[in-house]
Amino acid sequence: ASAAVNADSVIWGLSGLSRPGKGSTSLTVTLQGKVPALQTAADNWRNWLQHSTLQGQSIVKLNGLEFAQKVADLNGDIEINAELADGLGKFTLAEGSNIEASGADPAWVERFGIPPALLTELRQTTKLRLRSKSGNSAKVTIDMTDDETQIALATDLELTVDEARAGIRTQAEITISGQNQVTAFKLGKIDVISSGFKYANNKIDKLALSGNLQGSTDTWAGELDLAADVKRFRFAPVDARMLSVSLPMRINFEQHGGQLSLRQPGQMTLAELAPFEAFRVKGPLKLDLPGADIRFEWQAEGMSLENQITLQPGSFTLLVNREDAPAIEMNISPAEILHMGRMENTGQLNGGSAISAAGITLPQYQIQLNNITTTIRHSEPGKSRLADFEIGQLQHLATEPYIAPISLAGNVKLKRERLFIDARGGIPGTQYLKLAVEHGLDKGEGKL
């Protein structure tokens, strides 16, 4: 059987589909086999299918379809081969099948859950194309019994958006009850490798996502590995070169919340960071993530978020610019940073960060600060105290030092537009140094 439908056909309205502004489509179906009497299907359609033997093919052609506020030009050639025997159905997408769209409306595409930042490069001339890569590029097997239906799905597809492309390979199993409810699913394999896509106007040179997920409609869990390489990433005021990220994650979702954590240490490396107005960073940067645990909860008022993240930055050199003298060089060893916080559904962020065993060396002045510990507070309502700090040892590295090694401890407070730093110190066991700094953030003046 064959049918061809133009844009002005009444078939669109009778089928409940949107009427296109232009274009046409055609459908060719061939079917052969043996089936029980049709009147028995109304009593028990599952039993009717289990005793049917069918083979067939369907070919769909889309020719220049235009749907207002959705897509300007939709074309495709889709061929599906089907088999049904003893309640086991197989549907296979033929090699070379493809669908291509251009002039997609970003507002319409966003309805499919795609983040707006991924749609910044979507133009009227942008072409999106999805095609089968092989004879088994999309295969569905359906096994029906009186109690449930088992669906097995395997895909091997290629998505291209202009010059960007992605290979998508999946293997999935779905169980549907006799009441047509999804009782279980398993994504045994997820493997996505892409190149050339853009996020927030930045080209992602390589993005790989692999792993597995399993569960039901209410709860599911799994493991995902995310890796990305970017030659240049700009997000004002940051301009980074040769950025690489690797995150081995564990995911758990429930009806009212979930958890995202690292099952193994993650890592981020950066070859170069463009200079800022006040300072610049010298040399490559490396950041290890020994652990991360992020929990979230959906409520009627919004989503709340709780996190605990451990960071281990590598050593780096910071050059602080001065107008009338060479930049101050600071060799920094950040040691370990522990961040704990909670974001309420109102957007209020509470928490703190703790830096332990850090070190700073100023080679121009032969000064070294060791065992620096800092606790930083984040947005606690009504609190003016921002941070507490301790410097285990401050020493002069000269052959004949001006001062003996001393220790310091103090805090940082913010009152309105003025920053206050208070510190006390001296030789361990003897306190003889007091430091007070006041700085106006609005006018830049202050006193020591």
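These exercises look at aromatic pairs and salt bridges in a predicted model.

**Exercise 1.** Find out how W220 and F253 pair, and which strands they lie in.

*Solution.* 
- Apply the cut-off. Planes under 30 degrees apart count as stacked.
- Now place the residues. W220 belongs to strand β15 (residues 220-235), and F253 to strand β16 (residues 238-254).
- The two are 33 residues apart in sequence, so the pair ties those parts together.
- Look around the pair. Ring pairs join W220 and F253 with F296 and W298 in a cluster.

**Exercise 2.** Decide whether R377 and D388 are buried or partly exposed, and describe their contact.

*Solution.* 
- Take the contact. The two side chains form a salt bridge, 2.8 Å from N to O.
- Locate both ends. R377 sits in strand β26 (residues 367-378) and D388 in strand β27 (residues 385-396), 11 residues apart.
- Check the accessibility. Buried means under 20% relative accessible area.
- D388 has 19%, so D388 is buried. R377 has 28%, so R377 is partly exposed.

**Exercise 3.** Describe the salt bridge between R129 and E100.

*Solution.* 
- The N to O distance is 3.6 Å. A salt bridge needs a distance within 4 Å.
- R129 lies in strand β7 (residues 127-132) and E100 in strand β6 (residues 98-102), 29 residues apart.
- R129 is partly exposed at 30% relative accessibility. E100 is partly exposed too, at 24%.
- Widen the view. The whole structure has 15 salt bridges. E223, D225, R250 and R263 are linked in a salt-bridge network.

How values were computed:
Residues are numbered from 1 along each chain as its sequence is written. This is a predicted model: local features need pLDDT of at least 70, side-chain atom pairs count only at pLDDT 80 or more; totals for chains, interfaces and linings use all residues. Side-chain values use heavy atoms; hydrogens and water are left out. Rings of Phe, Tyr and Trp (its six-membered ring) pair if their centres lie within 6.5 Å; planes under 30 degrees apart count as stacked, over 60 as edge-to-face and the rest as tilted. Helices (H or I, at least four residues) and strands (E, at least two) are DSSP runs, numbered from the N terminus. Buried means under 20% relative accessible area, exposed over 50%, partly exposed in between (1.4 Å probe, protein chains only).
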